[in-house]
Amino acid sequence: MKRDFTLSQYRALCEAILAKNWPILTFTQYLSASSAQCVILLRHDVDRWPNNALAMAKLEHDLGICSTYYFRATSHVFRPEIITAIASLGHEIGYHYETISTTKGNVEKARDLFASELSRLRAHADVKTACMHGSPLSAHDNRILWQHCTPRDFGLLAEVSMDLGTTPFLYFTDTGRSWNSRGTNLRDYCIGARSIDVSTTEELIDLLPSLNMPMVIQTHPERWNQPGHRFWLYWLIDHAALAAKFILRTFRKR
Ligand SMILES: [Zn+2]
């Protein structure tokens, strides 16, 4: 069996996506399109290791694919030279916000922080969409912000984990080192989307030809490494996170 969550496997997934011959759109392209049809949206949440995002962006560019990269504003992720390099390859840059968990639930401070982080990101790219960082180990859900304001207040078209319009979407995420494992995924999902349980990337590749609904495929580029020490380091991080999430889920049910 092939080792999963390598860049080679990601390339194989992209080739299977291309074989469907459906439009592959960025989120802004989709939200600006006049008609909903069979489309594929590739969403990348850059939670850490931004160089991995650049490698993935180059791979997609080589294949003629444009996708969307959501950047956190943390010091180790917010790397202007990487953000501009990815944007220059034709990809969309979005804002991966976590201001409610950063401010520990203080909505006023979270709104101000959202505005200032978004403006910092906009100094390097045209940002029209945002999506929340799951902050799985925080007690705060970052979407609480939207009980007090709207994405349009910040000149955004949408918060894409909450509002992709009325068209039903299939949603696949690599969170938990499988695809759609709700047992290990506390907050990385898309409201209103449907899911199919798929374990490996190879299974997803095999399933793709039979799928006939628009879909969002979400990855975390830091998870995708060629075999070597970074592959095993992230494998360890993933398994530690899975254990922590299992404990949290058990605790929150009580
Ligand atoms: Zn995230």
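## A zinc site and aromatic contacts in a predicted model

Asp-47 and His-133 are both buried, a word that stands for under 20% relative accessible area, with exposed meaning over 50% and partly exposed the range in between (1.4 Å probe, protein chains only). The structure is a predicted model, in which local features need pLDDT of at least 70 and side-chain atom pairs count only at pLDDT 80 or more, while totals for chains, interfaces and linings use all residues. Residues are numbered from 1 along each chain as its sequence is written, and side-chain values use heavy atoms, with hydrogens and water left out.

**The zinc site.** The zinc ion has as protein donors Asp-47 (OD), Asp-47 (OD), His-96 (NE2) and His-133 (ND1), at 2.1 to 2.8 Å. Donors are N, O and S atoms within 2.8 Å of the metal (3.2 Å for Na, K and Ca); water is not among the atoms, so sites may look incomplete. The spacing of the donor residues in sequence is D-x48-H-x36-H. Asp-47 lies in the loop between strand 2 (40-46) and helix 3 (50-62), and His-133 in the loop between strand 5 (129-132) and strand 6 (158-159), so this pair ties together parts 86 residues apart in sequence. Helices (H or I, at least four residues) and strands (E, at least two) are DSSP runs, numbered from the N terminus.

**Aromatic pairs.** A pair of aromatic rings is described by the distance of the centres and the angle of the planes. Rings of Phe, Tyr and Trp (its six-membered ring) pair if their centres lie within 6.5 Å; planes under 30 degrees apart count as stacked, over 60 as edge-to-face and the rest as tilted. By this rule there are 16 aromatic pairs. Phe-114 and Trp-146 form an edge-to-face pair, because their ring centres are 5.4 Å apart and their planes stand at 85°. This pair links distant parts of the chain, since Phe-114 is in helix 6 (residues 107-122) and Trp-146 in the loop between strand 5 and strand 6, 32 residues apart. Both Phe-114 and Trp-146 are buried. Ring pairs also join Tyr-95, Tyr-97, Phe-114, Trp-146 and Phe-154 into a cluster.

| Residue | Relative accessibility |
|---|---|
| Trp-232 | 39% |
| Pro-23 | 31% |

Trp-232 is placed in helix 8 (residues 229-253). Pro-23 is found in the loop between helix 1 (7-19) and strand 1 (24-25). Pro-23 and Ile-65 are 42 residues apart in sequence, and their C-alpha atoms are 9.6 Å apart in space.
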